[in-house]
Amino acid sequence: MRAFLDMGGYAAFVWPAYAVTFAVVVLNVVWARRALARARASARRRLSARSEGP
Amino acid sequence: MSWTWFHRLASPPYVYAFAARLTPWFAWPAALCILGGLWGGLVLAPPDYQQGDGFRILYVHAPSAWMSLMVYTTMAIAAAVGLIWRIKVAHAVAASCAPIGASFTFAALVTGALWGEPMWGTYWEWDPRLTSELVLLFLYLGYMGLRAGIEDTQRADRASAVLAVVGVVNVPIIHYSVVWWNSLHQAPSVMRLAKPTMPPSMLVPLLLMLLGFTLYFVAVLLVRLRGEVLGRERTASWIREVVSA
């Protein structure tokens, strides 16, 4: 395990590279879901404004 | 040949429902491929005879770089389709691509820098490959900035589509930069006509990562696409059904 984490002396480069990519992968899922939730909320607001209008 | 499938894909309510149904079929295989690729790349693949374990950055760097180019190409094609046939859904696809592509271009640049320092002795060099990839990041950011700066969605769609289509010229420049010019960066070892230059124990995990990232892109794109499609519809009655649930 120690040897695996050490990455043959390249740990300071290998693990940050994996961390950055992992962060981008996770953030894209979070951002996409948030964008969809926002679009749904704003569509709901538009519809209710329309039905309550004059 | 029947064109009904094409017309259905241009219909917002159909696309919204279809995208929702399709997402898990891409998301779960993507997760499996990426987990398999990680296991193969970090554990099973032997250390490189020159770079030792440092070469394992390959398994995140190459998929990120692949995403940066593949997503841009998808975006440019969708933008062109939107411009030519005036299809709203195509513009929605293009708009959905940009933030995904920009973030993976960033990942490709950062993982490349982290690979460059131990192997080349520098994080950054104004090298043809590195510089053209940085230009790609600016193209994505310019596209997103242009969209954000135009209030009217239809005008934003058209203006940003022109930028996306013109910018696609950068994609072959990035790919062939290592062939056309002297570059620190190595030449392609997988994306080439001849046989790949890697043994299967190194190559298979890489192919799994490339496939996994591609499937992942489709899944994230489908989620974003639903939001974009919804935002483009002002009054359509189908919206009431999908947002009331």
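Reader: Let's start with D157(B): buried or exposed?
Author: D157(B) counts as buried, because its relative accessibility is 3%. Buried here means under 20% relative accessible area, exposed means over 50%, and partly exposed is in between, using a 1.4 Å probe and protein chains only.

Reader: Before I go on, what sort of model is this, and how are things numbered?
Author: It is a predicted model, where local features need pLDDT of at least 70 and side-chain atom pairs count only at pLDDT 80 or more, while totals for chains, interfaces and linings use all residues. Residues are numbered from 1 along each chain as its sequence is written, chains are lettered from A and ligands numbered from 1 in the order in which they are written, and side-chain values use heavy atoms, with hydrogens and water left out.

Reader: Thanks. Which side chain meets D157(B) in a salt bridge at 2.7 Å?
Author: That is R147(B), with the 2.7 Å taken from N to O. A salt bridge here is a side-chain nitrogen of Lys or Arg within 4 Å of a carboxyl oxygen of Asp or Glu. The pair links distant parts of the chain, with R147(B) in helix α5 and D157(B) in helix α6 of chain B, ten residues apart. Helices are DSSP runs (H or I, at least four residues), as are strands (E, at least two), numbered from the N terminus.

Reader: And which side chain meets D157(B) at 2.6 Å?
Author: R232(B) does, in another salt bridge, again N to O. Here D157(B) in α6 is linked to R232(B) in helix α8 (residues 200-232) of chain B, 75 residues apart. R232(B) is buried, as its relative accessible area is 10%.

Reader: Which residues make up the salt-bridge network?
Author: R147(B), D157(B), E228(B) and R232(B) are linked in it. As a general point, side chains of opposite charge can pair when their charged atoms come close.

Reader: What else does R147(B) touch?
Author: Leaving aside neighbours within four places in sequence, R147(B) is in contact (heavy atoms within 4.5 Å) with A95(B), T153(B), A156(B), D157(B), S160(B) and R232(B). The side chains of R147(B) and S160(B) are also joined by a polar contact of 3.1 Å. A polar contact is a pair of N or O atoms within 3.5 Å; within protein, one must be able to donate a hydrogen and the other to accept it, and residues adjacent in sequence count only if both atoms are side-chain atoms. R147(B) sits in helix α5 (residues 128-149) and is buried, given its relative accessible area of 16%.

Reader: How many salt bridges over all chains?
Author: Five. One of them joins the side chains of R56(B) and D53(B) at 2.8 Å, N to O, and both of these residues are buried.

Reader: How much area do the two chains bury between them?
Author: About 3,000 Å², with 71% of it on carbon and sulfur atoms. Buried area is the accessible area (1.4 Å probe) that two parts lose on being put together, summed over both. F13(A), Y18(A) and L47(A) supply 21% of the area that chain A buries against chain B, more than any other three residues. In terms of contacts, 29 residues of chain A meet 42 residues of chain B.

Reader: Which element gives the largest share of chain A's side?
Author: α2(A), with 25 residues. The residues on that side of chain A divide into 21 nonpolar, three polar and five charged. Ala, Val, Leu, Ile, Met, Phe, Trp, Tyr, Cys and Pro count as nonpolar, Asp, Glu, Lys and Arg as charged, and the others, Gly among them, as polar.
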